[in-house]
Amino acid sequence: MASPRLLLLLLVVAAACGDDGTASGSASDSNSGDTTTAGTTSTSGATASDTVVPTTGDAGSNSNSESETGTLTDTDPTAASAVSASESGATETTAATVTDGTATTDTSNTTDATTDATTEATTDSTTDATTGCTDVCEDGVVECVGDDAVHTCSMARGGCLEWSEPEPCAADQVCQDGACVVGCVDACDAGSVQCTGEGVSECVDDPNTGCTVWADAVACGPGQVCQQGLCVTPPPACLDDCVFTKQSVPGDVDFYSVWGSDAKAVWVVGNSGTALYHNGVNWKSIDSGIGKRLECVHGSAADDVYAIASDGAVIRWDGLEWLPYVDLNPIWESNACLSVLGQEDLLALVYDENGEKQVLWRVTGGVKTQLAVYTPQAVFTPDGSKARTISLRAFSADDAFITADRALRWNGTNIVNMGAPNPSFGLWALSPQLAYAAASHSGIGHRWDGQAWKIVNPGLNGYLHMFAGTAANRLFGAGETLQGVAAIVAFDGVGWGPVATPADAKALFAAWAAPTGEVFAVGKAGTVLIGK
């Protein structure tokens, strides 16, 4: 029989372990379904010992999990409840320690688990808020994309503000300040200069459009010419001592116009769309793409040259080839001429309706605009062998001289008769204050002094067809004798005198004087002369 001391010890152990003498604890994880027990393990998601364990007090102790665990001791009516931190994903039961017959509860693990769960939840929330998309613009703002498109700031699928795909502006619009507006195109680089006729034009900002345009040309001073955008005094050049030589050129057609950007880039045009180019040494025939008579050639630079046909078709030389530019479509295919103001900017005149009505156009960037119509009562042909042709010299878009039987002037509003004393044809104008025109009467012409036309008699025994020059005191008149042979006269500022020409040269219809002094004269049956 056991001793009383042993029996007492067994009773104490039994009281501490429960009715069945077994101390149990459980830990449940409501999220994972795994449960860990001290002595008993269950995988069902809820744990209970074989012996019913009463709760402490009236309500007992509730854990944060769905399992409840209570511990009862014989010596202390108060027992700590196990705490389960379901948010942390793991739960540990409290460990009961018996000391001197008193059961105590270790809550350190529970506190740590709850703290870890809270920290993890907070961390997860912060990460979601800070690792998402970012607004790149303000809602509703519209901005330009380059010069011809816009995009808008709006909410994207990700919930943030982003720029939309660019939307192109219409063909005639540009983007300014976030909107597509009817715009303009810079015609040149601000501050640059170019020769326009016998003057200098500067590229300026247009206050109405904001784009750059060529300003009206400022005429060079007396005795000066424009070269590469500058007014300069040319070196001494031939005049009445000029020696003219006949050139061997392709074709045997009548030539009606000559012009060059300088003496090493000269164009001659005439019948059947013929276009000849002179590089300072040789002559070449260049395909113009035109079958009609080319009547007038003029340009602003070596790679910006224009020619017009009798049917109003305008072609442009871009430095590499002649290409169609614009068609003025006159009803009556008769005569035409043009005068270039600047890069892709020119005035052109054509005959219309039975060759009686004269129509003035402006062509800019290949777009034509009708400016005015003039209807004379009759139109004549010059005396001599030259077919009826017209001349045009534009000083600006609102000021131009025209010789089309009459001497006319475009003033920006109307075409008016200038009251020349005789029919007027081949024209040369240094400025709006000085111009010469050939008359149909034998060997005479007339001069415009800024106020009126006065008769000029250069002493040519024949027919005067064209004037050309480089200054008021260096002027040439080209035409033909009564026998149809080439004839040239020169003016030195004091008087006129004849200039020798090759005996086999035929009638001259047009002339042009290079800034460097050379004189080019062209005419009937392939006649081309150069005077040096």
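Two aromatic rings of Phe, Tyr or Trp (its six-membered ring) count as a pair if their centres lie within 6.5 Å. In this predicted model, ring pairs of that kind tie Trp428, Tyr436, Phe467, Phe491 and Trp496 into a cluster.

The structure has 15 aromatic pairs. One of them is tyrosine 256 with phenylalanine 509, a stacked pair with 5.6 Å from centre to centre and 10° between the planes. This pair bridges distant parts of the chain: tyrosine 256 belongs to strand E18 (residues 255-262) and phenylalanine 509 to strand E42 (residues 508-513), 253 residues apart. Tyrosine 256 and phenylalanine 509 are both buried. Tryptophan 512 and phenylalanine 520 make a tilted pair, with 5.8 Å between centres and 35° between planes; these two residues are buried as well.

Charged side chains turn up over rings too. Arginine 293 sits over the face of tyrosine 256, 5.3 Å from the ring centre. Lysine 368 does likewise with tryptophan 361, at 5.2 Å from the ring centre.

Next comes valine 519, which is part of strand E43 (residues 519-523). With a relative accessible area of 2%, valine 519 falls in the buried class, for which the cut-off is under 20%. Leaving aside residues up to four places away in sequence, valine 519 touches Phe244, Arg474, Phe476, Trp512, Ala513, Leu529, Ile530 and Gly531. Among these contacts is Trp512, the residue whose ring pairs with phenylalanine 520. Valine 243 lies 276 residues away from valine 519 along the chain, yet their C-alpha atoms are separated by 9.6 Å.

Strand E22 (residues 294-301) has seven of its eight residues buried, so the rest of the structure largely encloses this strand. E22 runs antiparallel to strand E23 (residues 304-309), and six bridges join the two. Histidine 298 has tyrosine 306 in E23 as its bridge partner. The link from E22 to E23 is a hairpin of two residues.

Further along, four strands make up an open antiparallel sheet, ordered E30-E31-E32-E33. Strand E30 (391-396) and strand E33 (415-417) are the edge strands; each has a single partner, so one side of each has no neighbour in the sheet. On average, and ignoring direction, neighbouring strands here are turned by 20° against each other. Within the sheet, strand E31 (residues 399-404) and strand E32 (residues 406-410) pair in the antiparallel sense over five bridges, and alanine 400 faces tryptophan 410 of E32.

Definitions and conventions
Residues are numbered from 1 along each chain as its sequence is written. This is a predicted model: local features need pLDDT of at least 70, side-chain atom pairs count only at pLDDT 80 or more; totals for chains, interfaces and linings use all residues. Side-chain values use heavy atoms; hydrogens and water are left out. Two strands pair if DSSP finds at least two bridges between them. Axes are lines fitted to C-alpha atoms, for helices over the stretch in contact, and angles run from 0 to 180 degrees between N-to-C directions. Buried means under 20% relative accessible area, exposed over 50%, partly exposed in between (1.4 Å probe, protein chains only). Contact means heavy atoms within 4.5 Å. Rings of Phe, Tyr and Trp (its six-membered ring) pair if their centres lie within 6.5 Å; planes under 30 degrees apart count as stacked, over 60 as edge-to-face and the rest as tilted. A charge sits over a ring if NZ of Lys or CZ of Arg is within 6 Å of the ring centre and within 35 degrees of the ring normal.
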